[in-house]
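This report concerns a selected helix, a set of paired strands and a nonpolar core. Please consult the sequence and the coordinates alongside the text.

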Amino acid sequence: MKFTSRHTGLALAVASLAALTAACNKPADNAEAKKETATAEAGKDGATAIAGLATEKEQVSYMIGMDMARSLEPVKGEIDLDTLHKALKTSLEGGKPLLDEKQAAQIRESFGQKVRAQQIAKLEADAKNNAEAGAKFLAENANKPGVTTTASGLQYQVLTEGKGPKPQASDVVSAHYKGTLLDGKTFDSSYDRGEPATFVLAQMVPGWQEGLTLMPVGSKFRFWIPSKLAYGEQGAGPIGPNQTLVFEVELLDIVKPGQAKR
């Protein structure tokens, strides 16, 4: 469980109070007394020891700055930090801003349109590049030993042939898997979570539905799923538009009704 800064400050205050109470209730040698006094002084404003950030106020300020930086990351090339600092300082100190509310609203709207246009242009460029890279990869991959291409364009390779039954599209299955992009970057992995996934096969992307129905239970296959059988032009989370996906899948079991976890 992760504690918030409020909880951390409270815990430190309680710890300091407990240390002081213990010091009053029992005798202590000089060395121990000095150590407890130093600990109480260090934590009296709720701050833990962090190099370069001595007080709680400094630590909170730095944390807020980090949060702001993360939120501004997509438009960092559009920001002048000195001007941003000037606006923060003026606003927080109650000074007169250089923009009135009408001007700020106009700039906000204009800049929002600019950012949206840039995002759309990037998505379109990414979609085009990913589609071309995927088509080239699949064309070359189809000629490699052990790779089979189905009528839909799904490609697969049998790594381990199981002996169990093959699932139907309507079945619930239990599987371990690792999903990567063509550059090898992992975007999802049940292995990393430490437990297999259980799901209704019919609710998965078409490439998974087709691929897993080819697998006897106990098998391990590698799949190359074209974007049209995955998340298409929209993408999903870390998966960009028109990206070809690579999965290694171990089909562990066909789950009986009522046993599915998710």
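The following paragraphs describe local features of a predicted model.

**Helix α4**

Helix α4 spans residues 81-92 and comprises 12 residues. From its first C-alpha to its last, α4 reaches 16 Å, close to the 16 Å expected at 1.5 Å a residue. The N-terminal end of α4 is capped by Asp-80, a side-chain oxygen of which lies 3.3 Å from the backbone nitrogen of Asp-82. After α4 comes Gly-94, which has a positive phi near 75 degrees.

**Pairing of strand β7**

Strand β7 (residues 245-255) pairs in the antiparallel sense with β3, and β6 and β7 also run antiparallel. The table lists both pairings.

| Strand paired with β7 | Sense | Bridges |
|---|---|---|
| β3 (residues 172-181) | antiparallel | 10 bridges |
| β6 (residues 220-225) | antiparallel | 6 bridges |

Within β7, Asp-253 stands opposite Ser-174, while Leu-245 is the bridge partner of Ile-225.

**Nonpolar core**

The largest nonpolar core contains 24 residues. Among the residues with the most contacts inside this core are Phe-199, Trp-208, Leu-212, Phe-223, Ile-225, Phe-247 and Val-249. At least two core residues are supplied by each of β3, β5 (197-200), α7 (206-212), β6 and β7.

Which residues does Phe-223 contact, leaving aside its neighbours within four places in sequence? Phe-223 is in contact with Leu-154, Gln-155, Tyr-156, Gly-211, Leu-212, Met-215, Leu-245, Val-246, Phe-247 and Val-249. Of these partners, Leu-212, Phe-247 and Val-249 are also named among the core residues with the most contacts.

Definitions and conventions:
Residues numbered from 1 in each chain as written. Predicted model: local features only at pLDDT ≥ 70, side-chain atom pairs only at ≥ 80, totals over all residues. Heavy atoms only, no water. Helix = DSSP H or I, 4+ residues; strand = E, 2+ residues; numbered from the N terminus. Expected span 1.5 Å × (residues − 1). Polar contact = N/O pair within 3.5 Å; in protein donor to acceptor, adjacent residues only side chain to side chain. Pairing = 2+ DSSP bridges. Core = buried A, V, L, I, M, F, W, Y, C linked by side-chain atoms within 4.5 Å. Buried < 20%, exposed > 50% of the residue type's maximum accessible area, 1.4 Å probe, protein only. Contact = heavy atoms within 4.5 Å.
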